[in-house]
Each structure stands twice: as structure tokens, then as C-alpha cells.
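Have a look at the sequence and the fold first, and then read on.

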Amino acid sequence: MSNRTNGITRDISAAGVFVLCHHRPPAGALASVIIQVPRQQPWGQTLGLHGSARLVRLVQDDAGSGFALASSGGWIMSRPSHEMAARA
């Protein structure tokens, strides 16, 4: 079964990421993660981070809802391909 959600990353590190979003996956879920890092300058390039992670925390509070993912071995950095951009 495949579920897809989009969100905004609030915190990111080599160990994991926290995502703000309305749809939260079930606790303990395994995820294939694609993060697009926008370019910071008009001449810069968009970068992508991808990897596998496990959902370790669900949050619902006054700041909104979201979830924390623990990376399974860190993130792989690349330039997003057309295929990666289409899936995200």
C-alpha cells in the first residue's frame, strides 16, 4: 500500500527530519523520503535529499500537526531529476 503526503520540513539533520503537514502516517510506518531543497540564489541549483526513514513521533498541538522521521542511514544528496520532481 502506498500513501503519499507533502509537507514542510521544520528541522532536518543527518539523523532525521520533522515534517509539518495535515496528513500523518501511522506510528512506526516506514517511509521513502524525498526532500527538495530550493535554490537560494537565482543562479543556484535545486538540491534533493532522499533516503529511508521510520516514523518515530506524531505531533498535534497549537503549532499544528506533523511527524518526526528517523533516518535509516542518513540522506543521499543529488540534483533532483525530472522523475524525482514528478514524484514529490
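This is a predicted model: local features need pLDDT of at least 70, side-chain atom pairs count only at pLDDT 80 or more; totals for chains, interfaces and linings use all residues.

## Ser 65 and its surroundings

The side chain of Ser 65 comes within 2.5 Å of the backbone oxygen of Cys 21. A polar contact here is a pair of N or O atoms within 3.5 Å; within protein, one must be able to donate a hydrogen and the other to accept it, and residues adjacent in sequence count only if both atoms are side-chain atoms. Ser 65 sits in strand E5 (residues 64-71). Why does Ser 65 count as buried? Its relative accessible area is 12%, and buried means under 20%, exposed over 50%, and partly exposed in between (1.4 Å probe, protein chains only). Leaving aside residues up to four places away in sequence, Ser 65 touches Val 19, Leu 20, Cys 21, His 22, Arg 24, Val 59 and Gln 60, where a contact means heavy atoms within 4.5 Å.

Residues are numbered from 1 along each chain as its sequence is written, and side-chain values use heavy atoms, with hydrogens and water left out.

The mean pLDDT (the predictor's confidence in each residue, from 0 to 100) is 81 for the protein, and 88% of its residues reach 70 or more. Where is confidence lowest, and where is it highest? Helix H1 (residues 82-87) has the lowest mean, 47, and strand E2 (residues 16-20) the highest, 91. Over residues 83-88 the pLDDT is below 50, and this stretch has 12 contacts in the model beyond near neighbours in sequence.

## The fold as a whole

The protein has one helix and six strands, in the order β-β-β-β-β-β-α from the N terminus on. These elements are DSSP runs numbered from the N terminus: helices (H or I) of at least four residues and strands (E) of at least two. Of the contacts with a separation of 6 or more, 56% join residues 24 or more positions apart. Buried residues make up 25% of the 88 residues. The protein exposes about 6200 Å², and carbon and sulfur atoms supply 53% of that area; accessible areas come from the Shrake-Rupley method with a 1.4 Å probe, and for residues only the protein chains shown count as cover.

## Trp 75 in its loop

Trp 75 lies in the loop between E5 and E6 and is buried, with a relative accessible area of 16%. A polar atom of its side chain lies 2.8 Å from the backbone oxygen of Ser 13. Its contacts, not counting residues up to four places away in sequence, include Ile 12, Val 33, Leu 49 and Ala 53. Trp 75 and Ala 53 are 22 residues apart in sequence and 9.5 Å apart in space, C-alpha to C-alpha.

Arg 10 forms a salt bridge with Asp 11, with the closest N and O atoms 3.6 Å apart. The rule asks for a side-chain nitrogen of Lys or Arg within 4 Å of a carboxyl oxygen of Asp or Glu.

Here are some accessibilities side by side.

| Residue | Relative accessible area | Class |
|---|---|---|
| Arg 10 | 45% | partly exposed |
| Asp 11 | 44% | partly exposed |
| Met 77 | 57% | exposed |
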